[in-house]
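Hi everyone, thanks for coming. Let me put the structure up so that we can walk through a few residues together.

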Amino acid sequence: MTAPAPAPAPRLTRRSLLGGAAATAGAAALGTAAAPPAFAAADRTVDVAVVGGGLAGLTAARDLVAGGRSVAVLEARDRVGGRVVNLALANGGFTEGGGEFVGPTQDRVKALADSLGVATFTTYNTGKNLLYKDGTRTPYATDGLLGSVPPVDAAGLANAAIVQSELDSMAAQVPVDAPWTAAKAAEWDKQTFESWLNANAVVPSAKFLLDVACTSIFSAQPRELSLLYVLFYIAAAGNESTPGTLERLTDTAGGAQESRFVGGSQQVPLKLAATLGDRVVLNAPVRSVTRSGGSYSVAADGVTVHASRVVVALPPPLAARIAFDPLLPAARDQLAQRLPMGSIGKAIAVYDTPFWRADGLNGQVVSDSGAVRSTFDNSPPDGSYGALMGFIEADEMRAYDAASVADIKAAVLKDYVNYFGSRAASPTSFVVQRWDDEGFSRGGPVAFAPPGVLTAYGPALRAPVDGIHWAGTETSTYWNGFMDGAVRSGERVAKEVLATL
Ligand SMILES: Cc1cc2nc3c(=O)[nH]c(=O)nc-3n(C[C@H](O)[C@H](O)[C@H](O)COP(=O)(O)OP(=O)(O)OC[C@H]3O[C@@H](n4cnc5c(N)ncnc54)[C@H](O)[C@@H]3O)c2cc1C
């Protein structure tokens, strides 16, 4: 290890105290059991500077500490968790504004949660789903032959089944660690998912089913995505022993939406950060990473960390906002320039009771119109109040970019009335989390690849640049784009860094 610059004695600043106070207040408001981490900000010298206190950065820090290395995690926001956040509700409860669901084969986030004492419960899934199409509302059971596939016309169902099976078999030909090496990578990466669907999902109702699956998974329209990237994402929806499938991405029972975390998903990063204590510095957006000899100065607002290695655990387009000196290789920077975030908001309406349950509905909707086209029952496990959560995605989210919360609320409640009846018009409270407007996310759930990017720049995704290593869910081989992928990326990058120290 190179000799770093001398570190000033640790000191508490007003900023760090406010960060700690805010974290404490947030944790109390959300009923969290974990003691908040002590956030002490000062210039520091450590082995590894970790940029980003989401699940990826915090997991990397945990493993680096376990490997005997000193670490500082610099987090821009006044909280940890990044795309995972609990939001306080007026009724004293909370809801989840970002990543929320976990499911089979998401082994690493489950293992992390287990190790922190955060349990899971089954997503409310009793009763019928709803298809809302052409203004008609059709409840349907999901335990029949079709499973959770909405009951469109027979020709559409037959076509959709063929398309789904074709996508799964093409995905099986994509290596999750290097999709750009697939035998047909060039052919698949030069077309959009839309152009492939136009040629294969030829029955309009089948195209509708695939379109809605696409926007629900990526918060991007099929025209925005590379076919190769979509196939990779399907392949990644599994683990080392279980191949990924499209169904596992879209399903509730047996799929990625199967379970939720008791106390809300942010319990996981909050408790993880608590184990790291004052290694985590809040309110510290990193502005520059400067190499001098064999060490780096990582400058955040009010605090600079000197380290021999840097882990950047951010979505690539956010990492591109940091000034690197010397400049990153062109391939790495151009990759980051070409991976946009999806457009997503989450709208949660809270009611005294989950009234739709008495109507035999499980709260899950697939719709062809409205601001919200996919919903879930987000009530707490004891059902003590009702919460309907809807995703506002892709073109719909963009359409509301400049809209006020009041306008969004009116549009969302109109949809909820169409789906669940007039009682949905009068929630006791309403929350909308607009990820596109979050300065340290700028969208979600994931940075995705348009055509031509993976084949031209894919190898730069994880390749370290001298002492700079890359993490974040976008770098994961399995469950890329998910909390599990974030954890996997943190575990992988820690091993990678430890091997070099
Ligand atoms: C609405 C929504 C719904 C989702 N639903 C699910 C779901 O149900 N299940 C699931 O598994 N996943 C879901 N996801 C995805 C999941 O939340 C993410 O994949 C995961 O949380 C990403 O973790 P990460 O650590 O890789 O990145 P992030 O969580 O983005 O962490 C990056 C961190 O870096 C910080 N940061 C940014 N810039 C800087 C800087 N310059 N300096 C310092 N810090 C910086 C950010 O504040 C952030 O804390 C959802 C995401 C969204 C937005």
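Let's begin in a loop: E474 sits between β20 (468-470) and α16 (483-498). Keep in mind as we go that this is a predicted model.

So why do I call E474 buried? Its relative accessible area is 5%, and buried means under 20%, so E474 qualifies. Setting aside neighbours within four places in sequence, E474 is in contact with R83, P315, P316, V446, A447, L461 and N480. With R83 there is also a polar contact between the side chains, at 2.9 Å.

Why pick this residue? UniProt, in an unreviewed entry, has a "binding site" feature at E75, A76, V286 and E474. Of these residues, E474 is included in the lining of the largest cavity.

Let's move on to V286, which is also in that UniProt feature. V286 belongs to strand β11, residues 286-292. Its relative accessibility is 12%, so V286 counts as buried. Who does V286 touch, not counting residues up to four places away in sequence? The answer is V51, L74, V298, A299, A300 and I322.

My last stop is R398, in helix α13, which covers residues 395-399. Is R398 buried or partly exposed? At 30% relative accessibility, R398 counts as partly exposed. Again leaving out residues up to four places away in sequence, R398 touches Q221, R223, E224 and S343. The side chains of R398 and S343 are joined by a polar contact of 3.3 Å. And for a sense of distance, R398 and V73 are 325 residues apart in sequence and 33 Å apart in space, C-alpha to C-alpha.

Notes:
Residues are numbered from 1 along each chain as its sequence is written. This is a predicted model: local features need pLDDT of at least 70, side-chain atom pairs count only at pLDDT 80 or more; totals for chains, interfaces and linings use all residues. Side-chain values use heavy atoms; hydrogens and water are left out. UniProt positions are given in the numbering used here, feature names are shortened, and annotations may be inferred rather than shown by experiment. On a 1 Å grid over the protein atoms alone, a cavity is a set of points where a 1.4 Å probe fits but cannot get out, and a pocket is an open set with protein on both sides within 12 Å along at least five of seven lines; lining residues have an atom within 4 Å of a point. Helices (H or I, at least four residues) and strands (E, at least two) are DSSP runs, numbered from the N terminus. Buried means under 20% relative accessible area, exposed over 50%, partly exposed in between (1.4 Å probe, protein chains only). Contact means heavy atoms within 4.5 Å. A polar contact is a pair of N or O atoms within 3.5 Å; within protein, one must be able to donate a hydrogen and the other to accept it, and residues adjacent in sequence count only if both atoms are side-chain atoms.
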